[in-house]
Amino acid sequence: MYGLGVRSVCLQTLSLQVCLTLRDHWIQFWKLRSHRYYTANTSKKAVIAAKHPFEAELQAAKVYSWCACGHSKKQPFCDGSHRSIPSAPTPLTFKLQEAKKVWLCGCKHSKSPPYCDGTHKESWIQQADVLTSPL
């Protein structure tokens, strides 16, 4: 955590209570710092399920779970496959106010999920293999 030099200087110049308080603050700082580092570098990545959108006739007021990980066998909807893959994102649940036909994202990289925004047409998606993460 910290070296002997810091500990001995603390004990020579400050009371034991102040040293313990400083130690506690130091520990909290490192816990917070390591937590931020850990979560920032473990963002969950989706794999490309398809290089095209899925057309779907959806009902009003029904809750849908859109597969966000790309591993579902029931694309574009979730079948629970993300549960067995630690790095997989969880599904996005949504509900429509009125029944309508929609185009749901198949590449899993839309900027407006669950709906297709045309990202699948970009070269970095088209050149990547299906069931791989291009990022």
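The legends below describe close-up views of a predicted model.

**View 1**
Strand β1 covers residues 54-58. On its covered face are Phe54, Ala56 and Leu58, while Glu55 and Glu57 are on the uncovered face. In a regular strand, side chains alternate between the two faces of the sheet. Strand β4, residues 100-104, pairs with β1 in the antiparallel sense, over five bridges.

**View 2. The largest nonpolar core.**
This core has 14 residues. Leu58, Trp66, Phe94, Val102 and Leu104 have the most contacts inside it. Two or more residues come from each of β1, β2 (63-66) and β4. Nonpolar side chains tend to be buried together in soluble globular proteins.

**View 3. The surroundings of leucine 104.**
Neighbours within four places in sequence are left aside here. Leucine 104 is then in contact with Pro53, Phe54, Ala56, Trp66, Pro76, Phe77, Phe94, Pro114, Tyr115 and Cys116.

**View 4. Cysteines without a disulfide.**
A disulfide is a covalent bond between the sulfur atoms of two cysteines. The model has zero disulfides. For cysteine 69, the closest cysteine sulfur is that of cysteine 67, at 3.8 Å. This is too far for a bond, because the two sulfur atoms would have to be within 2.5 Å. The closest cysteine sulfur to that of cysteine 78 also belongs to cysteine 67, and at 6.0 Å it is too far for a bond. Cysteine 69 is buried, with a relative accessible area of 3%, whereas cysteine 78 is partly exposed at 23%.

**View 5. Two cis peptide bonds.**
Most peptide bonds are trans. The bond from glutamine 75 to proline 76 is cis, with omega near 5 degrees. Proline 76 is in the loop between β2 and β3 (92-95). The bond from proline 113 to proline 114 is also cis, with omega near 10 degrees. Proline 114 is in the loop between β4 and α3 (123-126).

**View 6. Two residues with a positive phi.**
Most residues other than glycine have a negative phi. Alanine 61, in the loop between β1 and β2, has a positive phi of about 65 degrees. Alanine 61 counts as exposed, because its relative accessibility is 58% and the cut-off is over 50%. Leucine 131, in the segment after α3, also has a positive phi, near 65 degrees. Leucine 131 is partly exposed, with a relative accessible area of 48%.

Methods:
Residues numbered from 1 in each chain as written. Predicted model: local features only at pLDDT ≥ 70, side-chain atom pairs only at ≥ 80, totals over all residues. Heavy atoms only, no water. Buried < 20%, exposed > 50% of the residue type's maximum accessible area, 1.4 Å probe, protein only. Helix = DSSP H or I, 4+ residues; strand = E, 2+ residues; numbered from the N terminus. Pairing = 2+ DSSP bridges. Core = buried A, V, L, I, M, F, W, Y, C linked by side-chain atoms within 4.5 Å. Contact = heavy atoms within 4.5 Å.
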